[in-house]
Amino acid sequence: MWRAIHRLGSPAIFYAVAGRLQPWCWALAIALLLAGSLWGLVWAPADYQQGDSVRILYVHVPTALLAQSVFVLLAAAGGVFLVWRIKLADMLAAAIAPFGALMTLLALVSGALWGLPTWGTWWVWDARLTSMLIQLFLYLGVIALRGAYTAAESGARASALLALVGVVNVPIIKFSVDWWQTLHQAATFSLVRPPSMPASMWLPLLVMVAGFYAFFVALALTRTRSEILRRESRTRWVRERVARTTGKAAR
Amino acid sequence: MRMTPRSQRLALVLAGLVLAASAVGLTLYALRSNIDLFFTPGQIAAGEAPSQRRIRVGGLVEAGSVVREPQGLAVAFSVTDRAASLRVHYRGILPDLFREGQGVVVIGELAGDGGFDAARVLARHDETYMPPEVAAALAETGGPP
């Protein structure tokens, strides 16, 4: 088990394995997102109170979930990089941070668009919305810190450290609607009780969530691979690989 | 016991996480009443809310309490948390989701007569979603809306 993880931690081996997985992930992501969009936006029923604006849910919930999952992964990668000095963890972190920031922004924008017709306002400073905005700033900080040092290694460490500290915000976002009085409603889904939503609504939502996760995995594989090529461009295995694909001898 | 550099770094990262979490936790605990978006009618009745200052009050619109001005936008209704209720006066357009039994957050000032002058009304909705046909069927059988 540990040997397999160690082997996968080598950029060359990860590059090859990810290259084989990549097309399947992209195909799965496109299929799930297409099916989920059609199901959620066309065939799923409207809500008894909100009407058709409830369909924003099929974009809002996956983006908000991804925004937080990506941050947890970012912090885990940061921890692995700081403690075990595994370069691949830092390459992964560099590859996924912009995607997480984009998901956070999309969750905020789709939430604002949903809030306007249902709540009567696009923004309030309640605990859920504010903690999500802080998450966006944390993402931007993690991305900016990486480029703020002349030495790439120092930037990587500072950014990993901020990701680790910032992960404290994730449980705050999750439980903000339970700990404080907020305009945002409490969670519909929980592990201990059935969802307060019929299957005709949560099934398409499940497909959309799975599609967003598949999209994330596919994008993370592709972006990490190009990050590997960029950073390892001087190593022998990359030169040999390039030589094999272009048909020229490695210099 | 001597630690290897790696386990030293691991301990440092874990200790940092615990410290950061407790710092944030204590801050939030100290600020807990300020993070709440609104007061409840019960808190208002207990005199916990400041008067002559813009505040927010949240609760449910009491069933049968909504009175609309026949010609105009003025409306009065009671907001309740089932412990106490507060009479709210408002002039303006109400959000689509506003109805009796619905959660609302009203923004405004406490009036001298024990009522509340709202400048804005926001609707809350709960975490329950269902198609209109299901809601209609439930209403017929007398179940929850």
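Guide: A residue is called buried when its relative accessible area is under 20%, exposed when over 50%, and partly exposed in between (1.4 Å probe, protein chains only). Helices (H or I, at least four residues) and strands (E, at least two) are DSSP runs, numbered from the N terminus. The model is predicted, so to speak of a local feature requires pLDDT of at least 70 and a side-chain atom pair counts only at pLDDT 80 or more, while totals for chains, interfaces and linings use all residues. Residues are numbered from 1 along each chain as its sequence is written, chains are lettered from A and ligands numbered from 1 in the order in which they are written, and side-chain values use heavy atoms, with hydrogens and water left out.

Visitor: How many helices and strands does the secondary structure of chain A come to?

Guide: Chain A has nine helices and zero strands. Its C-alpha atoms occupy a box of roughly 70 × 35 × 30 Å along the principal axes. Of the 251 residues in chain A, 48% are buried.

Visitor: Which residues of α6(A) are buried?

Guide: They are Gly155(A), Ala156(A), Ala158(A), Ser159(A), Ala160(A), Ala163(A), Leu164(A) and Gly166(A). These buried residues pack against α3, α4, α5 (127-146) and α7 (169-179) of chain A, and also against α1 (5-30) of chain B. Contact here means heavy atoms within 4.5 Å.

Visitor: What span should α6(A) have at 1.5 Å a residue?

Guide: The expected span of a helix is 1.5 Å times one less than its number of residues. With 15 residues, α6(A) should span 21 Å, and its end C-alpha atoms are 21 Å apart, which agrees.

Visitor: What does Leu164(A) touch?

Guide: Leu164(A) belongs to helix α6 of chain A. It counts as buried because its relative accessible area is 9%. Not counting residues up to four places away in sequence, Leu164(A) touches Ala75(A), Gly78(A), Gly79(A), Leu82(A), Val13(B) and Leu17(B). Leu164(A) and Gly79(A) are 85 residues apart in sequence, yet their C-alpha atoms are 6.8 Å apart in space. For chain A as a whole, among contacts between residues at least 6 apart in sequence, 75% join residues at least 24 apart.

Visitor: What area is buried between chain A and chain B?

Guide: The size of an interface is often given as the accessible area lost when the parts come together. Buried area is the accessible area (1.4 Å probe) that two parts lose on being put together, summed over both. Between chain A and chain B it is about 3,400 Å², and carbon and sulfur atoms give 62% of that. The contact takes 41 residues from chain A and 36 residues from chain B.

Visitor: How many salt bridges and polar contacts are found across the interface of chain A and chain B?

Guide: A salt bridge needs a side-chain nitrogen of Lys or Arg within 4 Å of a carboxyl oxygen of Asp or Glu. A polar contact is a pair of N or O atoms within 3.5 Å; within protein, one must be able to donate a hydrogen and the other to accept it, and residues adjacent in sequence count only if both atoms are side-chain atoms. Across this interface the rule finds zero salt bridges, but 17 residue pairs in polar contact (both at pLDDT 80 or more). On the side of chain A that touches chain B, α3 (57-84), α4 (87-118), α6 (152-166) and α8 (199-231) each supply at least two residues. The most come from α3(A), with four residues. By class, that side of chain A has 26 nonpolar, twelve polar and three charged residues. Nonpolar covers Ala, Val, Leu, Ile, Met, Phe, Trp, Tyr, Cys and Pro; charged covers Asp, Glu, Lys and Arg; the others, Gly among them, are polar.

Visitor: Where do Glu227(A) and Arg231(A) lie?

Guide: An α-helix has 3.6 residues a turn, so residues three or four places apart point the same way. Glu227(A) and Arg231(A) are both in helix α8 of chain A, four residues apart, about one turn of the helix. Glu227(A) counts as buried because its relative accessibility is 13%, whereas Arg231(A), at 33%, counts as partly exposed. Both belong to a network of salt bridges that links Asp90(A), Arg146(A), Glu227(A), Arg230(A) and Arg231(A).

Visitor: Which parts of the chain does the pair Glu69(B) and Arg91(B) link?

Guide: The side chains of Glu69(B) and Arg91(B) meet in a salt bridge (3.9 Å, N to O). This pair links distant parts of the chain, 22 residues apart: Glu69(B) is in the loop between β2 (67-68) and β3 (74-80) of chain B, and Arg91(B) is in strand β4 (residues 85-91) of chain B. Glu69(B) is partly exposed at a relative accessible area of 30%, and Arg91(B) is exposed at 59%.
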